[in-house]
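Let's take a walk through this protein together, one part after another. Have the sequence and the model at hand as you read.

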Amino acid sequence: MSLRYLVVAIAAQASAQLTGRGFPDCVNGPLSNNTVCDTSAEPLARATALIAAFTLQEKLNNTGSTSPGVPRLGLPAYTWWQEALHGVASSPGVNFSDSGDYSYATSFPQPILMGAAFDDELIRDVATVVSTEARAFNNDQRAGLDFWTPNINPFKDPRWGRGQETPGEDPFHLSSYVHALIDGLQGGYDPKYKRIMATCKHFTGYDMESWNGNLRYQWDAHINSQDLVEYYMPSFQSCARDSNVAAFMCSYNSLNGRPTCADPYLLQTVLREHWGWTEEQQWVTSDCDAVQNIYLPRGYNDTREAAVAQALIAGTDVDCGTYFQEFLPGAYAQGLFDISVLDQALVRQYSGLVRVGYFDGPSVPYRNLTFSDVNTQASQALALKAAEEGIALLKNDGALPMTIGANMTIGLVGDWANATTQMQGNYAGIAPYLHGPYYAANQTGAKVAIANVPGGQGDPTTDNWRKAWTVANQSDQLFYIGGIDNTVELEGNDRVTIAWTGAQLDMISRLAELKPGLVVVQMGAGSLDSSAILNNPNISALLWAGYPGQDGGTAIFNIITGKTAPAGRLPTTMYPANYIAQVPMTDMSLRPSTNNPGRTYQWYDKAVLPFGTGLHYTNFTASVATPTSRYGSANGSTTYSIESLTTGCNETYMDRCPFRTFAVDVTNTGSVCSDYVTLGYLTGSFGPTPYPLKRLVAYTRLHDVQAGSSQTANLVLDLASLSRVADNGDRVLYPGDYALMIDNAPLAMVNFTLTGEAYTLDHWPQPPEPVYQATDYFVGGFGSTYGDEIMVNVTSTML
Ligand SMILES: O=[N+]([O-])c1ccc(O[C@@H]2O[C@@H](CO)[C@H](O)[C@H]2O)cc1
């Protein structure tokens, strides 16, 4: 080791001791003789031995997101709160340096855009880079080993400010996406050493920040068992049961009258018992201050001590906040919980750390990762690829792809024209570079004129309009790059309109009149009613580009110029602007009813642009080849008995049993090489009425389908895909007529019939009766309750 590195290492060691970071010393430290340091022992036994060495006070101290450790035992402090939504992110446990090494990390697109790629391999690759970079940060004592990602609440209501953090609205899509993601973050289902610990959040029924006086910290989601199992639970089941995620986060909202962090039905009966999530070794954290919120503002318990005891007993193991640390001592003194419950929570936390090798010294794989493994050329290419794969072409009159020559002047108008950090969205880290549209336009060699203005404010005499007009007049080709961003959709902030904001449509239509052939690029996650753009013959093309990350501008211009062919698909429904007047955010039901036109593509058919929309620069046809199956093969119309489907499967969970693999031959009949996302929807008359319009049951992305050639997409259907959810939450196979339909405007169709008696694949544990409190819904003004204890008097009514 050179002197310089020795000095740096000693300084880092000293700083680690000061901040309490670093690893326990299992060689010379006080724990060296404790079983926790015995690498041959089982993780559970190791964590149990560690906790047995704690005093009562030490146990009570280590219950919060900032845990002091036990200096007496040489156990360092540990911060549980790290974020990594689309790259290692700025958060309490992550420490970017001011310059040089560790001053940045790869910044991928927001999940909403990566979801639009419908490419699970891409997601696995992205997550592998994120976990690699997280480990490098950890090795330099700049981050812990658990990360509070992913956010997999389905993006059901187009107003939700946090929809950008999710892969979209469809529960099957989310489940499949998150399975690949956790695989990449953790390094497989049950590796000896996890790469990092992932955390599925927010469990569950959370998809509203602030609507009509209802705040996320206190509102109560009323969800029946059918909607819960069918829509709100699948992504979490995928996390717990099928992906073995290390951690869960309970949410701010209550569910059917019970704060989720104090609900044993959710945290014990469903999560740990029904889904078999390893009871002793995986942990639940609360959302930040959600434990406090049980008491204030909810008043769910009469005292703070009762609230913390109830959360702990229910199965919340870590409190993001300080309520456990402050009030568990009093609760214990009052005899409100048994010490074994606290022991169990601590064992769960620390066996999590055992499983990432926290106690195992430098022999642990990943300990040799350094800053040279961060933002490598391959990771940069992957960030670009992820953005390109997600971008969806929504309108094209043939103008795209277009040649942009050096002899041209191109004009960029709109408030995303020179985007930088805007491209990252929320829960971002520090990117190595931010190549926005203006940067990328300049790389084309053309002259670039720019008016970085936020819409037209409806008045053509304004300065913004003058700037835009000047640019338009100079341009051979004009682009409008706008939409929405974190100023209108964000955590804590749901949208109040799903029309284009800030009179952008007015400016777009005037610019299109001036410069026919205008290309519009729509940024942001949430639905925007683009009818006027779609119907305007002077607008040649509309691209949706979400939040595209560090190389977003390059991705946009690569698509525009045809360097990359677009194949992304909308992961959400784009609704008409008046949709939000038809259903309150607080209505959690999916099916249409008197005050609800139906939610998501499964139940609503008046979309401006449906889920799955995405045009290409070429044409595709598809046919379903002879399928392969345990039950023989057949094409066209076939009949199966339910009995034959359910016998002979050895899966632990019956719904995982395979039904058939449909081999879909996809042919590129046009002249441009392109990716193609094969979407498989199930439709038909079976199970409880009403029937969904259709339901995604399989997807796969084909890469580089050459012009004039074919590739095969294997769509695997299991019994869960065939099943419907009964009123009581049971997952059931029903007799009836089924059709598998390939793509939105179906390119191919296979019909089959199931006969016999309905068969229950999964008996849903019945919930306790809902407990609705008078203060479930608030009307009128309400100050923020986060982090303070001021209770504001409000009038309350049930909607
Ligand atoms: O006080 N803060 O700075 C603060 C910041 C974010 C915050 O939100 C919560 O914290 C995140 C923890 O992962 C959850 O996804 C989110 O619901 C809650 C509190």
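How much area do domain 2 and domain 3 bury between them, and what share of it is on carbon and sulfur atoms? The two domains bury about 600 Å², with 47% of that on carbon and sulfur atoms; buried area here is the accessible area (1.4 Å probe) that two parts lose on being put together, summed over both. Three residues, E389, A567 and R569, supply 76% of the area that domain 2 buries against domain 3, more than any other three residues.

Before going further, a word on the ground rules. This is a predicted model, in which local features need pLDDT of at least 70 and side-chain atom pairs count only at pLDDT 80 or more, while totals for chains, interfaces and linings use all residues. Residues are numbered from 1 along each chain as its sequence is written, and side-chain values use heavy atoms, with hydrogens and water left out.

Now step back to the overall layout. The protein is divided into domain 1 (5–373), domain 2 (385–581) and domain 3 (618–760), with bounds that come from an automatic or database domain assignment. Between the C-alpha centres of domain 2 and domain 3 there are 36 Å. Where these two domains touch, 6 residues of domain 2 are in contact with 10 residues of domain 3, contact meaning heavy atoms within 4.5 Å.

Domain 2 and domain 3 share 2 salt bridges, each a side-chain nitrogen of Lys or Arg within 4 Å of a carboxyl oxygen of Asp or Glu. You can find a salt bridge between the side chains of R569 and D743, at 2.9 Å from N to O. R569 is also one of the three residues named above for their share of the buried area.

Finally, let's visit the ligand. A polar side-chain atom of R162 lies 2.7 Å from a ligand oxygen. For K201, the distance from a side-chain N or O atom to an oxygen atom of the ligand is 2.9 Å, and for R216 it is 3.1 Å. Taken alone, the ligand exposes 430 Å², and the protein buries 78% of that; these accessible areas come from the Shrake-Rupley method with a 1.4 Å probe, and for residues only the protein chains shown count as cover.

Definitions and conventions:
A polar contact is a pair of N or O atoms within 3.5 Å; within protein, one must be able to donate a hydrogen and the other to accept it, and residues adjacent in sequence count only if both atoms are side-chain atoms.
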